[in-house]
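This briefing reviews the side-chain contacts of the structure shown below.

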Amino acid sequence: MTEYLTAYMKSAEERLGRCSTLTEWQKLFDEHKDKIAFMQHERIVHFLVTMMFALILTILICTLLFTQNIAVLVLVTIMIVLIAFYIKHYYFLENTVQKMYKVYDAMLAKKEELSEAAQ
């Protein structure tokens, strides 16, 4: 997902720079709105999974405090590693979606520019 989204953002920005007609702009704009919707969904899913892992980790830590079982310690360690990766990925998704909003704003500005040039 990281490579896909990074490549898409680079492509969208390049295509926006080359965009010279309202037809090209409309095609890019529609595609970008769809990608934003997909990434917002992806972001929500990762947020929910991250929160679920955090809840499970909290329960395991409480269990560890009361049982002092080595198996629970292993589970806590695994969950900490997993949640670290989920947080890292969620951070990437959150920041990239915000960049997508900025590109969206740039697309709207480009539309104004193309509309003025067409007149």
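The points below cover the nonpolar cores, the aromatic rings, one histidine and the salt bridges.

The model is predicted: local features need pLDDT of at least 70, side-chain atom pairs count only at pLDDT 80 or more, and totals for chains, interfaces and linings use all residues. Residues are numbered from 1 along each chain as its sequence is written, and side-chain values use heavy atoms, with hydrogens and water left out.

**Nonpolar cores**

- The largest nonpolar core contains 17 residues, and Trp 25, Met 100 and Met 107 have the most contacts inside it. A nonpolar core is a set of buried Ala, Val, Leu, Ile, Met, Phe, Trp, Tyr and Cys residues joined through side-chain atoms within 4.5 Å.
- Two or more residues of this core come from each of helix H1 (2–18), helix H2 (22–67) and helix H3 (70–118). Helices (H or I, at least four residues) are DSSP runs, numbered from the N terminus.
- H3 supplies the largest share of this core, six residues.
- Met 107 touches Leu 16, Trp 25, Leu 28, Phe 29 and His 32, leaving aside residues up to four places away in sequence; contact means heavy atoms within 4.5 Å.
- Another core, of seven residues, lies apart from the largest one and includes Phe 53, Leu 57, Val 76 and Ile 83.

**Aromatic rings**

- Four aromatic pairs are found in a search of the whole structure. Rings of Phe, Tyr and Trp (its six-membered ring) pair if their centres lie within 6.5 Å; planes under 30 degrees apart count as stacked, over 60 as edge-to-face and the rest as tilted.
- Trp 25 and Phe 29 form a stacked pair, at 4.6 Å centre to centre and 15° between the planes. Because they are four residues apart in helix H2, about one helical turn separates them.
- Trp 25 is buried at 3% relative accessibility, and Phe 29 is buried at 8%. Buried means under 20% relative accessible area, exposed over 50%, and partly exposed in between (1.4 Å probe, protein chains only).
- Phe 47 and Tyr 90 form a tilted pair, with 5.8 Å centre to centre and 45° between the planes. This pair links distant parts of the chain, as Phe 47 is in helix H2 and Tyr 90 in helix H3, 43 residues apart.
- Trp 25, Phe 29 and Tyr 104 make up one aromatic cluster.

**A histidine in H3**

- His 89 is found in helix H3 and is buried, with a relative accessible area of 17%.
- His 89 touches Met 1, Thr 2 and His 46, not counting residues up to four places away in sequence.

**Salt bridges**

- A search of the whole structure finds three salt bridges, each being a side-chain nitrogen of Lys or Arg within 4 Å of a carboxyl oxygen of Asp or Glu.
- Arg 15 and Glu 31 meet in a salt bridge at 2.9 Å, N to O. Arg 15 lies in helix H1 and Glu 31 in helix H2, so the pair ties together parts 16 residues apart in sequence.
- Glu 94 and Arg 43 meet in a salt bridge at 3.3 Å, N to O. Glu 94 lies in helix H3 and Arg 43 in helix H2, so this pair ties together parts 51 residues apart in sequence.
- Glu 113 forms a salt bridge with Lys 110, their closest N and O atoms being 3.7 Å apart. Both residues lie in helix H3, three residues apart, about one turn of the helix.
- Glu 113 is partly exposed at 48% relative accessibility, whereas Lys 110 is buried at 13%.
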